[in-house]
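Here is a friendly briefing to read alongside the coordinates. Take a look at the structure first, then work through the topics below.

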Amino acid sequence: MIASGAALPQANSSRQWLGSGRPLLSFKEKWALFFLMPFAAMFVAFVSYPILYALFLATDRSAYARVFADPIYARTLWNTFLFIAIGVMLKMLLALGLSSFFVLPGRAIRVIAALFILPWAVPHIPSILSIRWMLNSEWGMINNILFQVFGVDGPAWLTNPSYGMASIIAVHIWKYLPFWTMILVAARLGIPKDLYESARIDGAGSVQQFRYVTFPAIANVFLTSTMLTTIWSLGDFNSIYLLTGGGPMERTNTLATMGIRYAFRHADFQAGIVTLMSALPILVPLVIVLTRRLRRNADA
Amino acid sequence: MHEIAFKPLLRQAGLIVLGALILLWTLLPLYHMVILSLTPVGEGFAGKLWPDAPTLDNYRIVLTQDNYYLSRFWLQLGNSVLVAFTSCVFVFALSLTASFAITRLRPRFAGFASHMALITYLVPATFLAIPFYQVMGSYGLLGSRWALIITIATFATPYAIWVLQQNAGSVPRELDEAAEIDGASPWQIFRLVYLPLMVPTIVAVGAFAVMLSWNEYLYAFLLLSDEDRITLPVMLGQFLSDDSAPWPLLMVSGVLYSLPPAILYFLARRYMATGLAAGSVKG
């Protein structure tokens with residue numbers, strides 16, 4: 001009796017809290033939960049679980065020793081640096097330069113723009129296979145042209161490590177330059193025309209107009225694009241694997257192809273994860289900064 | 001005086017040269033793909049700018065699967081189509097519901113959900129390939145086309161949610177409120193207000209998902225192994241370092257495989273331009 005009597009007010013107050021007070025989830029929030037359920041289930045099963053699994057694999061201390069002792073690893077880090085430092089920078093500077101061409105008026109420019117986007121629209125594998133054949137040092141079209149026009153034997157585009165990296169960077173730029181150029185063109189077309197008019201009235205030449213009107217207006221988009229493409233270029237597997245396969249002698253791998261190689265050719269999943277995780281010091285800060293930037297821009 | 005008339009002319013000439021260089025750089029690999037596909041199989045090693053005796057016979061061989069290397073061409077192309085469309089349906093189902101909840105129902109956990117979607121969108125898929133393979137193994141899905149479909153859905157949905165979320169602002173909230181006053185349930189608002197008004201963005205998101213799936217090589221190659229289940233890119237990749245393979249025939253399949261996304265792009269260009277610009281960067 002005493003026990004139940006003591007329990008009674010408690011039960012009462014909790015019912016009150018559930019009834020007249022704020023319920024845990026509002027009507028709309030219950031519906032929101034229902035609508036978010038499919039995505040949440042997918043996220044848990046196919047994003048969270050793999051990430052946790054990767055972290056579990058990375059707890060194998062001996063894998064670090066195996067990776068760091070591999071002489072190919074240092075080469076791979078250097079290649080990744082070259083790929084990002086030269087590939088991404090060159091691509092974004094070319095995109096910025098070419099955006100000046102594609103914002104010009106005229107029908108011919110529209111036609112060129114439509115064709116220019118093709119490398120991005122066409123699937124990776126057929127076009128890279130075509131380039132691979134084209135760059136073959138013995139029977140490829142490029143060296144054939146070099147021989148016929150200049151009478152010289154062209155370099156071993158794919159079987160010399162330095163030319164191999166250069167070819168990889170060229171293919172990466174060929175594939176992704178159109179997309180980023182068009183992003184910058186879209187940003188530039190959004191700049192109000194009267195800004196240019198007043199600049200012209202103030203006597204600004206085309207260089208000054210770019211310096212004082214165009215660039216400040218698109219600097220934000222340019223920076224965001226550069227960070228996005230840095231992240232995604234770290235994950236570019238196709239441009240390397242399909243072109244040189246990481247060879248010759250594993251000298252043209254980046255972290256992405258090396259990680260996959262450890263895991264699936266040497267069946268060393270731990271070493272694969274450790275290799276890919278070497279990119280985290282760049283990847284994590286970029287993801288954090290970009291998440292903030294994109295969300296801030298979206299809210300504005 | 002002379003100089004003033006000369007300058008625009010010089011500028012015009014410069015632009016023409018630049019345009020020609022852009023086209024040469026852009027089209028050369030694609031041109032090479034096309035002419036190699038027209039070259040008789042025995043002449044594939046000549047590296048010519050134009051084949052001596054161009055032939056369409058290669059196309060006949062591929063379309064009738066009249067060669068050992070391409071004996072499953074239609075089946076593998078069918079696999080690509082199946083994976084592309086099924087994953088597109090999944091992306092729609094997952095992203096439309098989630099983006100509706102985040103932007104229209106606005107629960108307290110909306111920010112968290114959209115944050116998770118955005119982070120998943122930013123992480124390169126390659127970095128998850130190793131654990132993904134293992135996880136698919138633990139679900140018993142390795143070798144199944146479902147594994148690839150789920151993969152595409154996993155990586156395309158976050159982007160789709162993000163783009164839909166960006167464009168949902170263009171659907172006036174007053175419409176939701178009016179429907180609510182008329183007694184519509186959230187499900188009815190979703191179906192009768194949200195979906196019809198989001199059609200342009202849905203087209204963009206669908207085109208993106210199909211293109212992503214059509215392009216996928218790494219995951220298709222890791223998750224599928226059976227000759228009858230692989231997609232066309234995996235088949236093409238098998239001959240990567242095989243110089244004795246009939247490359248002109250591979251290029252025929254390459255040309256045929258490239259046509260659908262190129263056409264899709266030109267058809268959906270108007271939609272995709274807005275979707276992509278809003279999705280990747282918004283200044």
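In chain A, the unreviewed UniProt entry annotates residues 31–56, 76–104, 111–135, 173–191, 212–234 and 269–290 as "transmembrane region". Chain B carries the annotation too, in its case for residues 12–31, 81–102, 109–133, 145–164, 192–214 and 245–267, again from an unreviewed UniProt entry. Please keep in mind that the model is predicted.

**Annotated spans, as modelled**

- Turning to chain B, residues 12–31 are 100% helix and 0% strand, and their end C-alpha atoms lie 27 Å apart.
- Residues 192–214 of chain B come out at 96% helix and 0% strand, with 31 Å between the end C-alpha atoms.

**Domains of chain A**

- Chain A is split into domain 1, covering 23–57, and domain 2, covering 72–299.
- Between the C-alpha centres of domain 1 and domain 2 of chain A there are 34 Å.

**Where chain A meets chain B**

- The contact draws on 75 residues of chain A and 74 residues of chain B.
- Which element gives the largest share of the side of chain A that touches chain B? That is helix 2 of chain A (residues 27–57), with 18 residues.
- Sorted by class, the side of chain A that touches chain B holds 57 nonpolar, 15 polar and three charged residues.

**Helix packing in chain A: helices 4 and 9**

- Helix 4 (residues 71–102) of chain A packs against helix 9 (residues 161–189) of chain A at about 40°, and their axes are 7 Å apart.
- Angles under 35 degrees would count as roughly parallel, so helix 4 and helix 9 of chain A are classed as oblique to each other.
- The crossing in which helix 4 of chain A passes helix 9 of chain A is right-handed.
- The contact of helix 4 with helix 9 of chain A is made up of 19 nonpolar, five polar and two charged residues.

**Helix packing in chain A: helices 9 and 11**

- Helix 9 of chain A also pairs with helix 11 (residues 206–234) of chain A: the axes come within 10 Å and cross at roughly 150°.
- Because angles over 145 degrees count as roughly antiparallel, helix 9 of chain A is roughly antiparallel to helix 11 of chain A.
- Helix 9 and helix 11 of chain A make a right-handed crossing.
- On the helix 9 side of chain A, the residues are His172(A), Tyr176(A), Trp180(A), Ile183(A), Leu184(A), Ala187(A) and Arg188(A).
- They meet Thr214(A), Ile218(A), Val221(A), Phe222(A), Ser225(A), Thr229(A) and Ser233(A) in helix 11 of chain A.
- This contact between helix 9 and helix 11 of chain A has eight nonpolar, five polar and one charged residues.

**Helix packing in chain B: helices 4 and 6**

- In chain B, the axes of helix 4 (residues 110–122) and helix 6 (residues 145–167) come within 8 Å, crossing at roughly 125°.
- Helix 4 and helix 6 of chain B are therefore oblique to each other.
- Helix 4 of chain B passes helix 6 of chain B with left-handed geometry.
- Ser114(B), Ala117(B), Leu118(B), Thr120(B) and Tyr121(B) supply the helix 4 side of the contact in chain B.
- The helix 6 side in chain B consists of Pro158(B), Tyr159(B), Ile161(B), Trp162(B) and Gln165(B).
- Seven of the residues in this contact of helix 4 with helix 6 of chain B are nonpolar, three are polar and none is charged.

**Backbone details in a loop of chain A**

- Where does Pro248(A) lie? Pro248(A) is in the loop between helix 12 (238–241) and helix 13 (255–265) of chain A.
- The peptide bond joining Gly247(A) and Pro248(A) is cis, with omega about 0°.
- Met249(A) is likewise in the loop between helix 12 and helix 13 of chain A.
- Met249(A) has phi near 50°, a positive value in a residue other than glycine.

Terms used: Residues numbered from 1 in each chain as written. Chains lettered and ligands numbered in written order. Predicted model: local features only at pLDDT ≥ 70, side-chain atom pairs only at ≥ 80, totals over all residues. UniProt positions renumbered as here; feature names shortened; annotations may be inferred. Contact = placed C-beta atoms within 7 Å. Helix = DSSP H or I, 4+ residues; strand = E, 2+ residues; numbered from the N terminus. Nonpolar A, V, L, I, M, F, W, Y, C, P; charged D, E, K, R; others polar. Axes fitted to C-alpha atoms, helices over the stretch in contact; angles between N-to-C directions. Parallel < 35°, antiparallel > 145°, perpendicular 65-115°, else oblique. Left-handed = near helix turned anticlockwise from the far one by under 90°. Domains from an automatic or database assignment.
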